[in-house]
Amino acid sequence: MRMEDFPKDPHKPYEDVMAMLLGTFFVALGVAFYTQAVLITGSTAGLALLLNYVTGWGFGVWFFAINLPFYYLAVKRMGWSFTLRTFLAIGLVSLFSELTQGWVQFASVPSLYAALMGGALMGIGMLMLFRHRTSLGGINILALYLQEKHGLRAGYVQLGIDGLILLLALTQLPLDRVGYSVLGALTLNLIIALNHKPGRYIGVS
């Protein structure tokens, strides 16, 4: 039986709410591991972490502010429903990441464990959000927009920007921290690549 032969099973409102809360909380907890170990990641979250380390301002403040310019592109490309969900998700990650610093205290976290566990938590959280038509905005939306308008491959744009963020991180973080960050990014992207495939999940929002 083909996947398209299965009836669509729309998400119920409470399922969307639960996914939004759990997904953003998982991402925020992953960020807590990264800030504890002074690691970096890609996209706007990575830029927010880097600015957090440089300025001392909280990750949540930077993450919310950096994403503001991308909502215009989100509306144009994805529509108001997707944009509002994304705005709410970004707001919750910003809030939870600030609150988690008071809720969870690490006496000691090895860098390798923080990279793998933090990357896994963020990957699982993002996967939950993707399956309920929500994203964490930012550079991913820009990459899709540039692909649509100018023919630039979204994957290459995303990779190039993430690479630039890692290069900037080398000016502020030790080489071993950047290396652990790459392992965390691989973990995050592997979770999404293995689980977020067309036709694998038929729930819709």
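Let me start with Gly125, which sits in helix α6, residues 111-130. Helices here are DSSP runs of H or I with at least four residues, strands are E runs of at least two, and both are numbered from the N terminus.

This is a predicted model, in which local features need pLDDT of at least 70, side-chain atom pairs count only at pLDDT 80 or more, and totals for chains, interfaces and linings use all residues. Residues are numbered from 1 along each chain as its sequence is written, and side-chain values use heavy atoms, with hydrogens and water left out.

On confidence, pLDDT is the predictor's own score for each residue, from 0 to 100. The protein chain averages 80, and 85% of the residues score at least 70. Confidence is highest in α6, at 90, and lowest in strand β2, residues 203-204, at a mean of 54. Where pLDDT is low, the predicted coordinates should not be read in detail.

Back to Gly125. Is Gly125 buried or exposed? Gly125 counts as buried because its relative accessibility is 0%. Buried means under 20% relative accessible area, exposed means over 50%, and partly exposed lies in between, with a 1.4 Å probe and protein chains only. Leaving out residues up to four places away in sequence, Gly125 touches Gly23, Phe26 and Val27; contact means heavy atoms within 4.5 Å. Ile192 is 67 residues from Gly125 in sequence, yet their C-alpha atoms are 9.8 Å apart.

Val27 comes up again in the largest nonpolar core, which has 40 residues; Val27, Ile40, Phe59, Phe63 and Leu136 have the most contacts inside it. Such a core is a set of buried Ala, Val, Leu, Ile, Met, Phe, Trp, Tyr and Cys residues joined through side-chain atoms within 4.5 Å. Helix α1 gives the most to this core, with 8 residues. A second, separate core has 5 residues, including Ala74, Phe82, Ile141 and Tyr145.

Next, the loop between α1 and α2, where Val38 is found. Val38 is not a glycine, but has a positive phi of about 55 degrees. Most residues other than glycine have a negative phi. Val38 counts as partly exposed because its relative accessibility is 30%.

Last, α2 itself, residues 43-55. Its 13 residues reach 19 Å from first C-alpha to last, close to the 18 Å expected; that expected span is 1.5 Å times one less than the number of residues. Among the buried residues of α2 are Ala48, Leu49 and Asn52. Gly56 follows α2, with a positive phi near 85 degrees.
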